[in-house]
Amino acid sequence: GWALFSELQFMQGFTHFMYSTDFRVAEVLAFWRRYLPADWDASGGAVASVDCGAPEPCDIEDFVRSRLVARQDAATASAVSANVGLANGALVSLLLKQRDALQAQERSPPLERPKSAPPDPGRLLQA
């Protein structure tokens, strides 16, 4: 997923994340930090996996610009804006799917729920 994310293939990368057992949505949200509460901790108290391939978090616009330059593509304002728009749309889709999965999990009988439920992202979804 992170390889696709780094190649600016956001929707494909996020689709891969949806099927990953060790994916933490907080790692992706770190690229949209300016939209999160100032006191929000992206690590969530968890230790990040050492070799997950995740790029160093920075603002999504800076990330896109640096990746376009690294690929020797034109990093014009319109190219950056278009790719950030794709990233934003893919993130919204990912978050909606995560929300739907959590709501379905809450509706399932307690015996059918996974033993290690993910932390409640409700605080992030209140925005």
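Tutor: By salt bridge I mean a side-chain nitrogen of Lys or Arg within 4 Å of a carboxyl oxygen of Asp or Glu. Before going on: this is a predicted model, where local features need pLDDT of at least 70, side-chain atom pairs count only at pLDDT 80 or more, and totals for chains, interfaces and linings use all residues (pLDDT is the predictor's confidence in each residue, from 0 to 100). Residues are numbered from 1 along each chain as its sequence is written, and side-chain values use heavy atoms, with hydrogens and water left out.

Back to our pair: Arg65 and Asp62 sit three residues apart in helix 4, so about one helical turn separates them (helices, H or I, at least four residues, are DSSP runs numbered from the N terminus). Arg65 is partly exposed at 36% relative accessibility, and Asp62 is too, at 43%; buried is under 20% relative accessible area, exposed over 50%, partly exposed in between, with a 1.4 Å probe and protein chains only.

Next comes Arg34 with Asp59, closest N and O atoms 3.0 Å apart. Both lie in the loop between helix 3 and helix 4, so the pair ties together parts 25 residues apart in sequence. Arg34 is partly exposed at 49%, as is Asp59 at 21%.

Then there's Asp100 with Arg99, at 4.0 Å between the closest N and O atoms. Shared partners also join Arg34, Asp59 and Glu61 into one salt-bridge network. The whole structure has five salt bridges.

Methods:
Helix = DSSP H or I, 4+ residues; strand = E, 2+ residues; numbered from the N terminus.
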